[in-house]
Each structure stands twice: as structure tokens, then as C-alpha cells.
Amino acid sequence: MKRGLIVIISVIGVALLVALYGNIYQHSKISKANNTISQVKKDKQKVSKKLATANRENDVLNSQVDNFKTYQNNKDKSQSELNFNNVANKFLTTMFTFEPETYSNRKDSIKGLISTDLYNQYFPKNTNYGDANSVTSKLDNATIYTQAKQGNSMKGLAVVSFESKSGDNDWKKETDLYQLTFDTSTNQLTAVQNLGSSFKASDVK
């Protein structure tokens with residue numbers, strides 16, 4: 001009887017030791033896993049900081065490149081050409097960048113950029129201007145090519161690349177060519193004519 005009791009106690013003792021070892025082993029695995037997770041988080045934070053720094057540096061470099069391009073593009077231009085480019089880009093950005101809820105704001109944004117006659121062509125008096133019919137548009141690029149000045153009038157071509165979509169549909173890209181007429185005495189556009197689609201900058205160089 002005593003011998004059987006000893007065997008039972010021994011078996012229970014072994015079972016307890018095995019269970020204890022299992023708990024210690026499991027705790028060790030959890031501890032290692034937690035340490036690994038903690039290290040991964042630290043590494044991720046370091047990478048995120050490095051990436052943020054790299055992005056800031058990249059933004060600065062891109063800004064410097066853009067400024068240099070602008071300088072190179074403008075350094076040989078007359079003040080009239082610079083005014084033409086500035087007004088034309090503001091006008092095209094306003095007309096081609098909108099969302100359904102901001103569509104009607106264009107009416108006020110282009111005032112001063114275009115002549116009264118041209119303004120009335122775009123926004124006739126006593127006419128309901130309507131809305132964008134769920135259309136969203138954004139200007140990708142506008143390249144202006146100015147021509148010779150004749151008196152107070154200067155003409156130019158604008159290659160306009162933009163994207164638009166209706167509701168949740170996919171974006172559609174398009175490129176249009178416009179002829180612009182600019183009054184250098186008022187610094188306003190006096191005429192805008194769409195010459196067609198599917199042009200590239202190389203087509204008018």
C-alpha cells in the first residue's frame with residue numbers, strides 16, 4: 001500500500017514538474033515574442049522617422065528643382081509674357097480644377113482674370129449657371145506658348161492636360177489645345193478658343 005502511494009505521489013510529482021516546465025517554457029516563448037514585437041515596433045519607428053526625413057528632404061529638392069525650372073523658363077521672357085503666363089495659368093487652374101460642391105465658385109474666382117465680355121460669355125447674366133452634374137475635375141498641367149505682341153494684344157497657345165470623372169467612375173485623362181488672347185494693358189484674357197483634343201506639347205513646339 002505504501003509502495004503504491006509512493007508511486008502515485010511520484011507520478012503526480014512528475015506531472016507537476018512537466019506542467020511547471022511547460023508553463024516556464026510557454027512564459028519564455030511569450031516573453032521572447034513580446035521582446036521581438038517591441039523591437040519590431042522600435043525598428044518601425046526608426047524607419048518611419050527616416051522615411052519622414054527623406055520625404056521632407058525630397059520635398060525641398062523638388063521645390064528647388066521647380067523653382068529652377070521656373071527661373072529657366074522665365075529668365076528670357078518679357079514682363080508681358082510673364083503676366084500672360086501667370087494669368088493664363090490661374091484661369092486654367094480655376095476652370096479645370098473643381099468638385100461638384102465647388103463648381104459654382106469658379107464664377108467668382110476668375111473675376112479680374114478675364115475681360116467683362118469674356119466673363120459674360122462664360123457666365124451670362126440672368127442665366128442659371130447650374131452645377132457640375134457630379135463631375136470632379138483636376139488640372140494636371142498647362143503649358144503656355146506665347147506669340148509675338150501686337151500693340152496691347154498678345155496671343156498664345158495653351159496645351160491643357162486634365163483628368164475628370166463622374167461620381168465614382170474612373171478618372172479619364174484628356175489633353176486640349178486652346179488659343180488665348182491677352183490684353184497687356186489690363187492683364188486680362190479677352191478670348192479663349194478650344195482648338196481640339198488629343199494634342200501634346202511636342203505638337204505645337
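Which residues does Ser80 touch, not counting residues up to four places away in sequence? The notes below come back to that after a look at the whole chain.

1. **Ground rules.** This is a predicted model, in which local features need pLDDT of at least 70 and side-chain atom pairs count only at pLDDT 80 or more, while totals for chains, interfaces and linings use all residues. Residues are numbered from 1 along each chain as its sequence is written, and side-chain values use heavy atoms, with hydrogens and water left out.

2. **Overall layout.** The protein chain has four helices and four strands, and along the sequence they follow the pattern α-α-α-α-β-β-β-β. Helices (H or I, at least four residues) and strands (E, at least two) are DSSP runs, numbered from the N terminus.

3. **Burial and surface.** Of the 205 residues in the protein chain, 22% are buried. Here buried means under 20% relative accessible area, exposed means over 50%, and partly exposed is in between (1.4 Å probe, protein chains only). The chain exposes about 14600 Å², with 52% of that supplied by carbon and sulfur atoms. Accessible areas come from the Shrake-Rupley method with a 1.4 Å probe, and for residues only the protein chains shown count as cover.

4. **Contacts along the sequence.** Taking contacts between residues at least 6 apart in sequence, 52% join residues at least 24 apart. Contact means heavy atoms within 4.5 Å.

5. **Back to Ser80.** Ser80 is found in helix α2. Leaving out residues up to four places away in sequence, Ser80 touches Lys149, Met154, Phe182 and Thr184. Ser80 counts as buried because its relative accessible area is 17%.

6. **Lys149, one of those partners.** Lys149 sits in strand β1 and is partly exposed, since its relative accessible area is 43%. Neighbours within four places in sequence aside, Lys149 is in contact with Ser80, Met154 and Thr184. The C-alpha atoms of Lys149 and Glu81 are separated by 8.9 Å, and these two residues are 68 apart along the chain.

7. **Helix α2 itself.** With 18 residues at 1.5 Å a residue, α2 should span 26 Å, and its end C-alpha atoms are 26 Å apart, so the two agree. The expected span of a helix is 1.5 Å times one less than its number of residues. The buried residues of α2 include Phe84, Val87, Ala88, Phe91, Leu92 and Met95. As background, an α-helix has 3.6 residues a turn, so residues three or four places apart point the same way.

8. **The nonpolar core.** The largest nonpolar core has 25 residues, and Phe91, Leu180 and Leu189 touch the most other members. The elements giving two or more residues to this core are α2, α4, β1, β2 (153-166), β3 and β4. The largest share, seven residues, comes from α2. A nonpolar core is a set of buried Ala, Val, Leu, Ile, Met, Phe, Trp, Tyr and Cys residues joined through side-chain atoms within 4.5 Å.

9. Setting aside neighbours within four places in sequence, Phe91 is in contact with Ile110, Leu113, Ile114, Tyr122, Leu189 and Val192. Thr94 also lies in helix α2, and it is buried because its relative accessible area is 17%. With the neighbours within four places in sequence left aside, Thr94 is in contact with Arg106, Ser109 and Ile110.

10. **Loops to look at.** Pro100 is in the loop between α2 (79-96) and α3 (106-109), and its C-alpha atom is separated by 6.9 Å from that of Asn133, 33 residues apart along the chain. Ser134, in the loop between α4 (116-122) and β1 (135-150), has a positive phi near 70° although it is a residue other than glycine. Asn187, in the loop between β3 (172-183) and β4 (188-197), is not a glycine and has a positive phi of about 55°. Asn187 counts as partly exposed because its relative accessibility is 31%.

11. Ile8, Ile12 and Leu16 make a nonpolar surface patch of about 300 Å². Such patches are made of residues with over 30% relative accessible area and no salt bridge, where like charges are joined within 9 Å and nonpolar side chains (Val, Leu, Ile, Met, Phe, Trp, Tyr) within 5 Å. A salt bridge is a side-chain nitrogen of Lys or Arg within 4 Å of a carboxyl oxygen of Asp or Glu. Ile12 is in helix α1 (residues 2-74) and counts as partly exposed because its relative accessibility is 46%.
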